[in-house]
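Open the model in your viewer and keep the selection tool at hand. The stops below go element by element, with what to select at each one.

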Amino acid sequence: MLETPMNRPALPTEIARRRTFAIISHPDAGKTTLTEKFLLFGGAIQMAGQVRAKGEARRTRSDFMKLEQDRGISVSASAMSFDFDKYRFNLVDTPGHSDFSEDTYRTLTAVDAAIMVIDGAKGVESQTRKLFEVCRLRDLPILTFCNKMDRESRDTFEIIDEIQENLAIDVAPASWPIGMGRDFIGAYDLLHDRLEIMDRADRNKVAESIAITGLDDPKLAEHVPAEQLAKLRDELEMARELLPAFDRQAFLEGHMTPIWFGSAINSFGVKELMRGIGDYGPEPQPQKAAEREILPEESKVTGFVFKVQANMDPKHRDRVAFVRLASGHFARGMKLLHVRSKKPMAVSNPVLFLAADRELAEEAWAGDIIGIPNHGQLRIGDALTEGEALRFTGIPSFAPELLQTVRAGDPMKAKHLEKALMQFAEEGAAKVFKPAIGSGFIVGVVGALQFDVLASRIEIEYSLPVRFESSQFTSARWVTGPKADVEKFVNANKGHIANDHDGDIVYLTRLQWDIDRIIRDHPSLKLSATKEMM
Ligand code: GDP
(Lines give C-alpha, C1' and ligand atoms only; values in the text may rest on other atoms or scores of the structure.)
Protein backbone atom coordinates (compact mmCIF):
# COMPACT_ATOMS: atom_id res chain seq x y z
CA MET A 1 0.00 0.00 0.00
CA LEU A 2 2.56 2.54 -1.08
CA GLU A 3 0.37 5.45 -1.90
CA THR A 4 1.40 9.04 -1.67
CA PRO A 5 -0.90 11.18 0.42
CA MET A 6 -2.44 14.33 -0.97
CA ASN A 7 -1.68 15.54 -4.41
CA ARG A 8 2.02 14.99 -4.88
CA PRO A 9 3.18 12.61 -7.58
CA ALA A 10 4.26 9.17 -6.38
CA LEU A 11 7.76 9.01 -4.98
CA PRO A 12 10.43 6.83 -6.54
CA THR A 13 10.01 3.34 -5.07
CA GLU A 14 13.27 3.42 -3.11
CA ILE A 15 12.22 6.59 -1.34
CA ALA A 16 8.58 5.58 -0.97
CA ARG A 17 9.54 2.45 0.97
CA ARG A 18 11.48 4.35 3.63
CA ARG A 19 10.02 4.86 7.07
CA THR A 20 12.04 7.06 9.38
CA PHE A 21 10.75 7.20 12.94
CA ALA A 22 11.56 7.43 16.63
CA ILE A 23 10.11 5.77 19.72
CA ILE A 24 8.90 7.95 22.56
CA SER A 25 8.01 6.63 25.99
CA HIS A 26 8.36 7.04 29.71
CA PRO A 27 11.33 5.10 31.17
CA ASP A 28 10.47 1.44 31.76
CA ALA A 29 7.49 1.30 29.42
CA GLY A 30 9.45 -1.05 27.15
CA LYS A 31 11.22 1.05 24.52
CA THR A 32 14.41 -0.99 24.65
CA THR A 33 12.55 -4.28 24.49
CA LEU A 34 10.48 -3.11 21.55
CA THR A 35 13.57 -1.82 19.73
CA GLU A 36 15.19 -5.17 20.24
CA LYS A 37 12.22 -7.00 18.74
CA PHE A 38 12.18 -4.63 15.77
CA LEU A 39 15.78 -5.51 15.12
CA LEU A 40 15.05 -9.18 15.55
CA PHE A 41 12.19 -9.15 13.05
CA GLY A 42 14.15 -6.83 10.81
CA GLY A 43 16.87 -9.47 10.67
CA ALA A 44 19.38 -7.06 12.15
CA ILE A 45 20.15 -9.25 15.15
CA GLN A 46 19.92 -13.01 15.45
CA MET A 47 18.59 -13.53 18.93
CA ALA A 48 16.70 -11.12 21.09
CA GLY A 49 18.61 -10.50 24.29
CA GLN A 50 21.69 -8.78 22.89
CA VAL A 51 20.44 -5.34 23.64
CA ARG A 52 18.93 -6.41 26.93
CA ALA A 53 21.99 -8.16 28.32
CA LYS A 54 23.89 -4.93 28.47
CA GLY A 55 20.83 -3.02 29.57
CA GLU A 56 20.15 -4.97 32.71
CA ALA A 57 23.42 -4.06 34.38
CA ARG A 58 22.69 -0.38 34.02
CA ARG A 59 19.20 -0.48 35.45
CA THR A 60 20.13 1.39 38.60
CA ARG A 61 21.65 4.38 36.86
CA SER A 62 19.66 7.24 35.45
CA ASP A 63 18.26 6.77 32.02
CA PHE A 64 20.73 9.03 30.35
CA MET A 65 23.74 7.52 32.12
CA LYS A 66 22.48 4.20 30.88
CA LEU A 67 22.54 5.54 27.37
CA GLU A 68 25.96 7.07 27.80
CA GLN A 69 27.53 3.94 29.18
CA ASP A 70 26.02 2.07 26.35
CA ARG A 71 28.05 4.02 23.80
CA GLY A 72 29.55 0.90 22.32
CA ILE A 73 26.20 -0.41 21.23
CA SER A 74 23.75 2.41 21.68
CA VAL A 75 25.65 4.56 19.31
CA SER A 76 24.59 2.21 16.68
CA ALA A 77 21.31 2.57 18.52
CA SER A 78 21.33 6.28 17.75
CA ALA A 79 20.13 5.45 14.29
CA MET A 80 19.51 1.97 13.03
CA SER A 81 18.33 0.73 9.70
CA PHE A 82 16.68 -2.56 8.88
CA ASP A 83 14.36 -4.06 6.31
CA PHE A 84 10.97 -5.52 7.01
CA ASP A 85 8.49 -6.64 4.36
CA LYS A 86 9.10 -4.30 1.47
CA TYR A 87 10.07 -1.45 3.75
CA ARG A 88 13.34 0.07 4.89
CA PHE A 89 13.02 1.29 8.46
CA ASN A 90 15.26 3.93 9.92
CA LEU A 91 14.82 4.02 13.67
CA VAL A 92 16.32 7.03 15.40
CA ASP A 93 16.87 6.67 19.12
CA THR A 94 15.69 9.39 21.49
CA PRO A 95 17.56 9.73 24.77
CA GLY A 96 15.07 9.20 27.54
CA HIS A 97 15.66 11.57 30.39
CA SER A 98 13.47 14.62 30.83
CA ASP A 99 16.41 16.74 31.92
CA PHE A 100 18.16 16.13 28.69
CA SER A 101 15.56 17.20 26.25
CA GLU A 102 17.60 19.31 23.82
CA ASP A 103 18.92 16.26 22.10
CA THR A 104 15.47 14.74 21.99
CA TYR A 105 13.94 17.79 20.38
CA ARG A 106 16.61 17.79 17.71
CA THR A 107 16.25 14.08 17.12
CA LEU A 108 12.57 14.50 16.46
CA THR A 109 13.37 16.96 13.68
CA ALA A 110 14.94 14.10 11.75
CA VAL A 111 11.98 11.71 11.74
CA ASP A 112 8.66 11.52 9.93
CA ALA A 113 6.72 9.64 12.60
CA ALA A 114 6.90 8.44 16.17
CA ILE A 115 5.78 5.36 18.05
CA MET A 116 4.46 6.10 21.50
CA VAL A 117 4.92 3.18 23.86
CA ILE A 118 2.81 3.13 26.99
CA ASP A 119 2.62 0.64 29.82
CA GLY A 120 -0.87 -0.89 29.92
CA ALA A 121 -0.97 -0.64 33.69
CA LYS A 122 0.33 2.90 33.93
CA GLY A 123 -1.18 4.67 30.96
CA VAL A 124 0.12 8.07 29.88
CA GLU A 125 3.06 9.07 32.10
CA SER A 126 4.82 12.40 32.51
CA GLN A 127 7.67 11.82 30.08
CA THR A 128 5.33 10.39 27.46
CA ARG A 129 3.25 13.52 27.64
CA LYS A 130 6.23 15.86 27.26
CA LEU A 131 7.57 13.99 24.26
CA PHE A 132 4.12 13.79 22.75
CA GLU A 133 3.85 17.58 22.95
CA VAL A 134 7.11 17.90 21.02
CA CYS A 135 5.74 15.59 18.36
CA ARG A 136 2.55 17.61 18.22
CA LEU A 137 4.50 20.82 17.61
CA ARG A 138 5.69 19.21 14.42
CA ASP A 139 2.37 17.49 13.62
CA LEU A 140 4.20 14.17 13.56
CA PRO A 141 1.98 11.16 12.97
CA ILE A 142 2.00 8.93 16.04
CA LEU A 143 1.36 5.21 16.35
CA THR A 144 0.64 3.91 19.83
CA PHE A 145 1.78 0.61 21.26
CA CYS A 146 0.16 -0.36 24.55
CA ASN A 147 2.71 -2.72 26.08
CA LYS A 148 2.81 -5.30 28.87
CA MET A 149 -0.66 -6.68 28.20
CA ASP A 150 0.60 -9.97 29.67
CA ARG A 151 0.46 -8.20 33.05
CA GLU A 152 -2.56 -6.93 34.93
CA SER A 153 -3.41 -3.81 32.98
CA ARG A 154 -6.18 -1.29 32.85
CA ASP A 155 -9.43 -1.78 31.08
CA THR A 156 -9.05 -1.24 27.34
CA PHE A 157 -11.63 1.56 27.15
CA GLU A 158 -10.01 3.25 30.12
CA ILE A 159 -6.60 3.24 28.43
CA ILE A 160 -8.01 4.65 25.21
CA ASP A 161 -10.00 7.26 27.12
CA GLU A 162 -6.95 8.36 29.03
CA ILE A 163 -4.96 8.92 25.85
CA GLN A 164 -7.82 10.84 24.25
CA GLU A 165 -8.37 12.99 27.33
CA ASN A 166 -4.78 13.52 28.28
CA LEU A 167 -3.28 14.11 24.90
CA ALA A 168 -6.29 15.46 23.07
CA ILE A 169 -5.94 13.12 20.11
CA ASP A 170 -8.43 10.70 18.60
CA VAL A 171 -7.56 7.07 19.23
CA ALA A 172 -8.57 4.34 16.80
CA PRO A 173 -8.03 0.74 17.87
CA ALA A 174 -5.97 -1.19 15.32
CA SER A 175 -6.17 -4.28 17.48
CA TRP A 176 -8.23 -5.26 20.49
CA PRO A 177 -6.79 -7.26 23.39
CA ILE A 178 -8.40 -10.52 24.44
CA GLY A 179 -8.08 -10.97 28.18
CA MET A 180 -5.34 -9.46 30.26
CA GLY A 181 -2.64 -10.49 32.68
CA ARG A 182 -2.56 -14.24 33.10
CA ASP A 183 -5.64 -14.58 30.91
CA PHE A 184 -4.23 -12.59 28.03
CA ILE A 185 -4.36 -14.85 25.01
CA GLY A 186 -3.90 -12.45 22.13
CA ALA A 187 -5.62 -9.78 20.12
CA TYR A 188 -8.13 -9.28 17.39
CA ASP A 189 -6.61 -7.42 14.44
CA LEU A 190 -9.31 -4.97 13.44
CA LEU A 191 -7.55 -3.79 10.31
CA HIS A 192 -7.25 -7.25 8.76
CA ASP A 193 -9.87 -9.36 10.57
CA ARG A 194 -7.32 -11.72 11.99
CA LEU A 195 -6.87 -13.37 15.29
CA GLU A 196 -3.38 -13.21 16.76
CA ILE A 197 -2.65 -15.78 19.42
CA MET A 198 0.29 -15.27 21.77
CA ASP A 199 2.80 -18.02 22.37
CA ARG A 200 3.82 -17.87 26.02
CA ALA A 201 6.28 -20.72 25.75
CA ASP A 202 8.66 -19.02 23.35
CA ARG A 203 9.16 -15.32 23.80
CA ASN A 204 10.89 -14.81 20.49
CA LYS A 205 8.30 -16.63 18.51
CA VAL A 206 5.88 -14.69 16.42
CA ALA A 207 2.23 -15.05 17.23
CA GLU A 208 0.10 -17.48 15.35
CA SER A 209 -2.10 -15.59 12.94
CA ILE A 210 -5.53 -16.88 12.03
CA ALA A 211 -7.51 -15.28 9.24
CA ILE A 212 -11.20 -15.10 9.95
CA THR A 213 -14.17 -13.61 8.23
CA GLY A 214 -15.41 -11.28 10.92
CA LEU A 215 -16.73 -11.69 14.42
CA ASP A 216 -19.34 -14.31 13.49
CA ASP A 217 -16.78 -16.71 12.05
CA PRO A 218 -17.16 -20.07 13.91
CA LYS A 219 -13.36 -20.42 13.78
CA LEU A 220 -13.16 -17.84 16.54
CA ALA A 221 -14.68 -20.24 19.04
CA GLU A 222 -11.99 -22.81 18.30
CA HIS A 223 -9.31 -20.45 19.61
CA VAL A 224 -11.02 -18.21 22.13
CA PRO A 225 -12.75 -19.59 25.26
CA ALA A 226 -16.50 -18.91 25.26
CA GLU A 227 -16.46 -16.38 28.08
CA GLN A 228 -13.68 -14.34 26.57
CA LEU A 229 -15.27 -14.50 23.17
CA ALA A 230 -18.55 -13.11 24.48
CA LYS A 231 -16.67 -10.28 26.16
CA LEU A 232 -14.68 -9.57 23.00
CA ARG A 233 -17.85 -9.34 20.93
CA ASP A 234 -19.47 -7.00 23.46
CA GLU A 235 -16.43 -4.79 23.67
CA LEU A 236 -15.97 -4.56 19.94
CA GLU A 237 -19.58 -3.63 19.48
CA MET A 238 -19.16 -0.86 22.02
CA ALA A 239 -15.89 0.20 20.46
CA ARG A 240 -17.55 0.51 17.10
CA GLU A 241 -20.14 2.84 18.58
CA LEU A 242 -17.87 4.89 20.78
CA LEU A 243 -14.54 5.06 19.02
CA PRO A 244 -13.59 6.43 15.63
CA ALA A 245 -12.53 4.06 12.89
CA PHE A 246 -8.97 4.35 11.64
CA ASP A 247 -8.61 7.20 9.17
CA ARG A 248 -5.24 7.31 7.48
CA GLN A 249 -5.44 10.96 6.55
CA ALA A 250 -6.27 12.03 10.12
CA PHE A 251 -3.35 9.90 11.31
CA LEU A 252 -0.92 11.43 8.81
CA GLU A 253 -2.03 14.89 9.87
CA GLY A 254 -1.37 14.06 13.52
CA HIS A 255 -5.01 14.17 14.69
CA MET A 256 -5.48 10.46 15.22
CA THR A 257 -3.33 7.68 16.60
CA PRO A 258 -3.94 4.01 15.86
CA ILE A 259 -3.31 1.82 18.91
CA TRP A 260 -2.01 -1.74 19.03
CA PHE A 261 -2.09 -3.86 22.17
CA GLY A 262 0.73 -6.26 22.79
CA SER A 263 3.61 -7.49 24.83
CA ALA A 264 7.03 -6.58 23.54
CA ILE A 265 8.83 -9.07 25.70
CA ASN A 266 6.66 -11.87 24.29
CA SER A 267 7.15 -10.55 20.76
CA PHE A 268 3.41 -10.09 20.65
CA GLY A 269 1.84 -7.36 18.56
CA VAL A 270 5.22 -6.17 17.34
CA LYS A 271 4.95 -7.37 13.76
CA GLU A 272 1.46 -5.92 13.44
CA LEU A 273 2.84 -2.60 14.65
CA MET A 274 5.70 -2.81 12.14
CA ARG A 275 3.23 -3.53 9.38
CA GLY A 276 1.23 -0.56 10.58
CA ILE A 277 4.20 1.77 10.22
CA GLY A 278 5.00 0.31 6.86
CA ASP A 279 1.52 0.28 5.33
CA TYR A 280 0.11 3.46 6.82
CA GLY A 281 3.12 5.35 8.11
CA PRO A 282 4.35 8.42 6.29
CA GLU A 283 6.87 8.28 3.49
CA PRO A 284 9.83 10.66 3.73
CA GLN A 285 8.33 14.11 4.10
CA PRO A 286 9.34 17.46 2.58
CA GLN A 287 11.78 19.44 4.73
CA LYS A 288 11.74 23.16 5.32
CA ALA A 289 14.62 25.44 4.51
CA ALA A 290 14.68 29.22 4.81
CA GLU A 291 14.85 29.51 1.03
CA ARG A 292 12.22 26.94 0.02
CA GLU A 293 10.72 23.55 0.76
CA ILE A 294 12.84 20.56 -0.18
CA LEU A 295 10.98 17.61 -1.67
CA PRO A 296 12.37 14.10 -1.16
CA GLU A 297 12.02 13.24 -4.84
CA GLU A 298 14.30 16.05 -6.00
CA SER A 299 17.19 14.51 -7.88
CA LYS A 300 19.91 16.46 -6.11
CA VAL A 301 21.11 15.36 -2.69
CA THR A 302 20.47 17.60 0.29
CA GLY A 303 20.63 16.84 4.00
CA PHE A 304 21.11 18.38 7.39
CA VAL A 305 23.04 17.48 10.54
CA PHE A 306 20.72 16.90 13.50
CA LYS A 307 23.14 15.28 15.88
CA VAL A 308 26.86 15.12 16.48
CA GLN A 309 28.39 12.41 18.56
CA ALA A 310 32.00 12.30 19.64
CA ASN A 311 34.13 9.50 21.01
CA MET A 312 32.03 6.75 19.53
CA ASP A 313 35.15 4.78 19.17
CA PRO A 314 37.54 5.54 22.05
CA LYS A 315 40.49 4.54 19.85
CA HIS A 316 39.75 7.27 17.35
CA ARG A 317 38.91 10.73 18.50
CA ASP A 318 36.50 11.12 15.65
CA ARG A 319 33.03 12.52 15.66
CA VAL A 320 30.14 11.34 13.69
CA ALA A 321 27.64 13.81 12.33
CA PHE A 322 24.22 12.25 11.81
CA VAL A 323 22.67 13.54 8.63
CA ARG A 324 19.07 13.20 7.61
CA LEU A 325 18.91 13.09 3.84
CA ALA A 326 16.15 15.42 2.75
CA SER A 327 16.30 14.66 -0.96
CA GLY A 328 17.99 12.73 -3.70
CA HIS A 329 20.03 9.59 -4.08
CA PHE A 330 23.36 9.66 -2.32
CA ALA A 331 26.29 7.53 -3.40
CA ARG A 332 29.50 6.99 -1.49
CA GLY A 333 32.34 9.28 -2.52
CA MET A 334 30.05 12.10 -3.57
CA LYS A 335 31.34 15.63 -3.20
CA LEU A 336 28.88 17.77 -1.33
CA LEU A 337 28.91 21.43 -0.49
CA HIS A 338 29.23 22.16 3.20
CA VAL A 339 27.05 25.23 3.09
CA ARG A 340 28.24 26.95 6.28
CA SER A 341 31.94 26.93 5.34
CA LYS A 342 31.16 27.13 1.59
CA LYS A 343 33.69 24.33 1.12
CA PRO A 344 33.28 21.09 -0.82
CA MET A 345 33.42 17.91 1.21
CA ALA A 346 34.10 14.49 -0.21
CA VAL A 347 31.92 12.05 1.69
CA SER A 348 34.06 8.98 1.22
CA ASN A 349 33.34 6.98 4.35
CA PRO A 350 29.75 7.49 5.38
CA VAL A 351 28.24 4.91 7.70
CA LEU A 352 24.85 3.35 7.84
CA PHE A 353 23.97 1.90 11.17
CA LEU A 354 22.85 -1.64 10.89
CA ALA A 355 22.15 -2.92 14.40
CA ALA A 356 25.40 -3.33 16.28
CA ASP A 357 27.68 -2.85 13.30
CA ARG A 358 28.79 0.21 11.52
CA GLU A 359 28.73 -0.43 7.83
CA LEU A 360 29.96 1.69 4.99
CA ALA A 361 27.02 3.21 3.22
CA GLU A 362 27.38 2.67 -0.51
CA GLU A 363 24.18 4.53 -1.19
CA ALA A 364 21.35 6.16 0.63
CA TRP A 365 18.07 7.81 -0.27
CA ALA A 366 15.98 10.67 0.98
CA GLY A 367 14.68 9.69 4.40
CA ASP A 368 17.81 7.75 5.38
CA ILE A 369 20.14 8.70 8.19
CA ILE A 370 23.83 8.46 7.43
CA GLY A 371 26.74 9.03 9.77
CA ILE A 372 29.64 11.10 8.48
CA PRO A 373 32.89 10.77 10.42
CA ASN A 374 34.72 14.11 10.60
CA HIS A 375 37.09 16.11 12.75
CA GLY A 376 34.67 18.72 13.94
CA GLN A 377 33.77 20.54 10.72
CA LEU A 378 30.19 19.30 10.79
CA ARG A 379 27.94 20.94 13.34
CA ILE A 380 24.32 20.62 14.32
CA GLY A 381 22.14 22.44 11.83
CA ASP A 382 24.70 22.32 9.00
CA ALA A 383 23.40 21.72 5.49
CA LEU A 384 25.03 19.55 2.83
CA THR A 385 23.93 20.03 -0.77
CA GLU A 386 25.11 19.57 -4.34
CA GLY A 387 25.79 23.28 -4.58
CA GLU A 388 22.71 25.16 -3.49
CA ALA A 389 23.07 27.45 -0.47
CA LEU A 390 20.30 26.14 1.77
CA ARG A 391 19.57 26.76 5.40
CA PHE A 392 17.32 24.13 6.95
CA THR A 393 15.02 25.54 9.57
CA GLY A 394 13.21 23.87 12.42
CA ILE A 395 16.22 22.60 14.33
CA PRO A 396 15.75 24.38 17.62
CA SER A 397 18.45 26.10 19.61
CA PHE A 398 17.96 26.40 23.36
CA ALA A 399 18.61 29.26 25.72
CA PRO A 400 20.96 28.06 28.45
CA GLU A 401 18.97 28.47 31.64
CA LEU A 402 21.49 27.33 34.23
CA LEU A 403 25.08 28.54 34.37
CA GLN A 404 27.92 27.02 36.38
CA THR A 405 31.67 27.50 36.53
CA VAL A 406 33.70 24.39 35.83
CA ARG A 407 37.25 23.70 36.96
CA ALA A 408 39.59 20.78 36.47
CA GLY A 409 40.42 18.94 39.70
CA ASP A 410 44.05 19.23 38.60
CA PRO A 411 44.83 22.83 37.52
CA MET A 412 47.61 21.54 35.25
CA LYS A 413 44.94 19.91 33.12
CA ALA A 414 43.15 23.11 32.09
CA LYS A 415 43.96 22.50 28.41
CA HIS A 416 42.40 19.05 28.52
CA LEU A 417 39.33 20.52 30.10
CA GLU A 418 39.07 23.08 27.34
CA LYS A 419 39.25 20.35 24.73
CA ALA A 420 36.56 18.30 26.44
CA LEU A 421 34.28 21.30 26.79
CA MET A 422 34.70 22.30 23.16
CA GLN A 423 33.72 18.82 22.13
CA PHE A 424 30.51 18.92 24.16
CA ALA A 425 29.72 22.38 22.87
CA GLU A 426 30.02 21.08 19.31
CA GLU A 427 27.81 18.13 20.11
CA GLY A 428 25.22 20.60 21.32
CA ALA A 429 25.30 18.99 24.78
CA ALA A 430 26.06 22.31 26.52
CA LYS A 431 26.95 25.91 25.87
CA VAL A 432 30.51 26.77 26.87
CA PHE A 433 31.69 30.32 27.62
CA LYS A 434 35.25 31.49 28.18
CA PRO A 435 35.16 34.74 30.18
CA ALA A 436 37.29 37.58 28.82
CA ILE A 437 38.74 38.14 32.27
CA GLY A 438 39.91 35.41 34.62
CA SER A 439 40.35 31.69 34.20
CA GLY A 440 37.96 28.77 34.03
CA PHE A 441 34.91 28.21 31.90
CA ILE A 442 31.24 28.80 32.37
CA VAL A 443 28.91 26.09 31.18
CA GLY A 444 25.27 26.72 30.33
CA VAL A 445 22.65 23.97 30.18
CA VAL A 446 18.90 23.60 30.04
CA GLY A 447 18.40 21.00 32.78
CA ALA A 448 20.40 20.48 35.99
CA LEU A 449 21.07 16.82 35.26
CA GLN A 450 23.19 17.86 32.30
CA PHE A 451 25.91 19.02 34.70
CA ASP A 452 26.13 15.50 36.17
CA VAL A 453 26.17 13.96 32.75
CA LEU A 454 28.96 16.29 31.60
CA ALA A 455 31.05 15.71 34.74
CA SER A 456 30.70 11.98 34.29
CA ARG A 457 31.57 12.08 30.59
CA ILE A 458 34.61 14.29 31.12
CA GLU A 459 35.83 11.87 33.75
CA ILE A 460 35.17 8.77 31.63
CA GLU A 461 36.26 10.06 28.23
CA TYR A 462 39.12 12.37 29.26
CA SER A 463 40.14 10.82 32.62
CA LEU A 464 39.64 14.24 34.11
CA PRO A 465 37.80 14.81 37.39
CA VAL A 466 36.05 18.18 37.35
CA ARG A 467 34.10 20.37 39.75
CA PHE A 468 31.03 22.40 38.86
CA GLU A 469 30.47 25.43 41.10
CA SER A 470 27.83 28.08 41.15
CA SER A 471 28.64 30.99 38.90
CA GLN A 472 28.24 34.67 39.62
CA PHE A 473 26.13 34.86 36.45
CA THR A 474 22.69 33.49 35.74
CA SER A 475 21.90 34.68 32.21
CA ALA A 476 23.71 34.68 28.90
CA ARG A 477 22.92 36.78 25.82
CA TRP A 478 24.61 36.63 22.43
CA VAL A 479 25.57 40.11 21.31
CA THR A 480 25.43 41.06 17.64
CA GLY A 481 25.40 44.34 15.80
CA PRO A 482 27.67 46.68 13.80
CA LYS A 483 31.30 45.73 14.43
CA ALA A 484 32.42 49.05 15.90
CA ASP A 485 29.44 49.20 18.25
CA VAL A 486 30.02 45.66 19.46
CA GLU A 487 33.72 46.39 20.08
CA LYS A 488 32.93 49.50 22.03
CA PHE A 489 30.39 47.64 24.10
CA VAL A 490 32.83 44.78 24.79
CA ASN A 491 35.56 47.16 25.94
CA ALA A 492 33.24 48.97 28.31
CA ASN A 493 31.86 45.73 29.83
CA LYS A 494 34.89 43.41 30.00
CA GLY A 495 33.85 41.88 33.32
CA HIS A 496 30.63 40.57 31.75
CA ILE A 497 31.96 39.42 28.41
CA ALA A 498 32.78 35.89 27.33
CA ASN A 499 33.26 34.01 24.06
CA ASP A 500 31.39 30.87 23.13
CA HIS A 501 33.06 27.92 21.39
CA ASP A 502 32.75 29.62 18.02
CA GLY A 503 34.35 32.79 19.38
CA ASP A 504 31.05 34.65 19.29
CA ILE A 505 30.47 37.31 21.90
CA VAL A 506 28.26 36.67 24.88
CA TYR A 507 27.16 39.04 27.63
CA LEU A 508 26.80 37.42 31.07
CA THR A 509 24.87 38.86 33.96
CA ARG A 510 22.69 38.00 36.91
CA LEU A 511 20.28 40.88 36.50
CA GLN A 512 17.47 41.13 33.99
CA TRP A 513 17.73 44.84 34.71
CA ASP A 514 21.20 44.90 33.08
CA ILE A 515 19.80 43.35 29.95
CA ASP A 516 16.92 45.81 29.77
CA ARG A 517 19.34 48.70 30.25
CA ILE A 518 21.61 47.58 27.43
CA ILE A 519 18.68 47.16 25.07
CA ARG A 520 17.60 50.69 25.95
CA ASP A 521 21.04 52.33 25.78
CA HIS A 522 22.41 50.47 22.75
CA PRO A 523 19.69 50.39 20.12
CA SER A 524 22.14 49.14 17.45
CA LEU A 525 22.93 45.96 19.40
CA LYS A 526 20.89 42.79 19.44
CA LEU A 527 20.87 40.59 22.53
CA SER A 528 19.56 37.06 21.98
CA ALA A 529 18.94 34.32 24.46
CA THR A 530 19.53 31.61 21.86
CA LYS A 531 22.15 31.32 19.24
CA GLU A 532 21.23 30.53 15.68
CA MET A 533 22.62 27.16 14.75
CA MET A 534 24.43 28.54 11.73
P1 GDP B 1 12.61 1.20 28.59
O2 GDP B 1 13.12 1.83 29.85
O3 GDP B 1 11.37 1.88 28.10
O4 GDP B 1 13.63 1.00 27.54
O5 GDP B 1 12.04 -0.24 29.04
P6 GDP B 1 12.68 -1.69 28.90
O7 GDP B 1 12.49 -2.21 27.52
O8 GDP B 1 14.04 -1.69 29.46
O9 GDP B 1 11.65 -2.50 29.80
C10 GDP B 1 11.46 -2.20 31.18
C11 GDP B 1 11.12 -3.47 31.92
O12 GDP B 1 9.87 -3.97 31.48
C13 GDP B 1 12.12 -4.59 31.69
O14 GDP B 1 12.30 -5.28 32.89
C15 GDP B 1 11.44 -5.45 30.65
O16 GDP B 1 11.85 -6.79 30.71
C17 GDP B 1 9.99 -5.31 31.02
N18 GDP B 1 9.09 -5.49 29.87
C19 GDP B 1 9.21 -5.00 28.62
N20 GDP B 1 8.18 -5.41 27.84
C21 GDP B 1 7.39 -6.20 28.62
C22 GDP B 1 6.18 -6.92 28.41
O23 GDP B 1 5.61 -6.95 27.32
N24 GDP B 1 5.68 -7.58 29.47
C25 GDP B 1 6.28 -7.59 30.70
N26 GDP B 1 5.70 -8.29 31.66
N27 GDP B 1 7.42 -6.94 30.92
C28 GDP B 1 7.98 -6.24 29.92
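**First stop: helix H12**

Select helix H12 (residues 270-280), which is mostly covered, with 9 of its 11 residues buried. A residue is buried if 20 or more other C-beta atoms lie within 10 Å of its own, exposed if 12 or fewer, and partly exposed in between, with C-beta atoms placed from the backbone. The buried residues of H12 are Val270, Lys271, Glu272, Leu273, Met274, Arg275, Gly276, Ile277 and Tyr280. Helices (H or I, at least four residues) and strands (E, at least two) are DSSP runs, numbered from the N terminus.

This is a predicted model: local features need pLDDT of at least 70, side-chain atom pairs count only at pLDDT 80 or more, and totals for chains, interfaces and linings use all residues. Residues are numbered from 1 along each chain as its sequence is written.

**The seven-stranded sheet**

Next, select the open sheet of 7 strands, in the order S2-S3-S1-S4-S5-S11-S6, with mixed pairing. Two strands pair if DSSP finds at least two bridges between them. Strand S2 (79-84) and strand S6 (170-173) are at the edges with a single partner strand each, so one side of each has no neighbour in the sheet. Neighbouring strands of this sheet are turned by 30° against each other on average, direction ignored.

Select strand S1 (residues 18-25) and strand S3 (residues 87-92): they run parallel and are joined by 5 bridges. Arg18 stands opposite Arg88 in S3. S1 also pairs with S4 in the parallel sense, over 5 bridges, and there Ala22 stands opposite Ala114.

How many of the residues of S4 are buried? The count is 7 of the 7, so S4 is largely enclosed by the rest of the structure. Ala113, Ile115, Val117 and Asp119 are buried on one side, and Ala114, Met116 and Ile118 on the other. S4 runs parallel to S5, joined by 6 bridges, with Met116 opposite Thr144.

H2 lies across S1, S2, S3, strand S4 (113-119) and strand S5 (142-147), running at about 155° to S1. Axes are lines fitted to C-alpha atoms, for helices over the stretch in contact, and angles run from 0 to 180 degrees between N-to-C directions.

Now show the ligand: 17 residues surround it, the closest being Lys31, Thr32, Thr33, Ser263 and Ile265. A residue counts here if its C-beta atom, placed from the backbone, lies within 6 Å of the molecule.

**The nonpolar cores**

Of the 102 residues in the largest nonpolar core, Ala114, Val305, Val323, Leu325 and Ile370 touch the most other members. Such a core is a set of buried Ala, Val, Leu, Ile, Met, Phe, Trp, Tyr and Cys residues joined through C-beta atoms within 7 Å. Apart from it lies another core, of 29 residues, among them Phe424, Val466, Val479 and Leu508.

**The eight-stranded sheet**

Finish at the open sheet of 8 strands, ordered S27-S24-S26-S25-S29-S30-S28-S31, with antiparallel pairing. Strand S27 (466-470) and strand S31 (526-528) stand at the edges. Helix H13 (residues 414-427) lies across strand S24 (402-408), S25, S26 and S27, running at about 140° to S25. Strand S25 (residues 431-435) and strand S26 (residues 441-445) run antiparallel, joined by 3 bridges, and the bridge partner of Val432 in S26 is Val443.

How values were computed: Two residues are in contact if their C-beta atoms, placed from the backbone, lie within 7 Å.
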